[in-house]
Amino acid sequence: MTRNQDQNQNQDPQDSGPSPTRRAPGALEWTASGLALLLIATALGYLVWDALQPARPIVLQVTPGQLERRMARFYQQVEVRNLGSASTGTVQLRGTLRRDGEIVEEVAGQLDTVPADSARSTTLVFREDPGRATLNLDVESYGEP
């Protein structure tokens, strides 16, 4: 085999012909790359900042929502907000209706979990009208996730 034939066999078929000239990146390419770099740096900065924040204990805030009457029952929506940086396990709620200082009715409710820095809702069902009594909403207990 001659030397020319050996060189032709080792060449890539796509490399044959004149090589295209490379042009410098344009302004649009530089802008897109800069924005991508800024986005990545911001995301990484936020993750580092969040990891360095001190842990906040679980604090559950209970607030009543809309009250709806259906048939002979009263449906009281309840929102439980977790102000802490850790999620809860099961949350046990108690709704108490008082009239003239005496307990008229007590009902219990449960939420499976309330994630950190978020809220979950449930509905407590009463026989007495919570609008005609003093409604107390309490968290009785919560589990660790």
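1. A charge counts as sitting over a ring when NZ of Lys or CZ of Arg is within 6 Å of the ring centre and within 35 degrees of the ring normal. By that rule Arg70 lies over the face of Tyr75, at 4.0 Å from the ring centre.

2. The model is predicted, so local features need pLDDT of at least 70 and side-chain atom pairs count only at pLDDT 80 or more, whereas totals for chains, interfaces and linings use all residues. Residues are numbered from 1 along each chain as its sequence is written, and side-chain values use heavy atoms, with hydrogens and water left out.

3. There is one aromatic pair (centres of Phe, Tyr or Trp rings, the six-membered one for Trp, within 6.5 Å; planes under 30 degrees apart stacked, over 60 edge-to-face, the rest tilted). The rings of Tyr46 and Trp49 have centres 5.8 Å apart and planes at 35°, so the pair is tilted.

4. Nine bridges join β1 to β2, and Thr63 stands opposite Glu79 in β2.

5. Leaving aside neighbours within four places in sequence, Phe126 is in contact (heavy atoms within 4.5 Å) with residues including Phe74, Leu97, Val107 and Leu135.

Methods
Two strands pair if DSSP finds at least two bridges between them. Helices (H or I, at least four residues) and strands (E, at least two) are DSSP runs, numbered from the N terminus.
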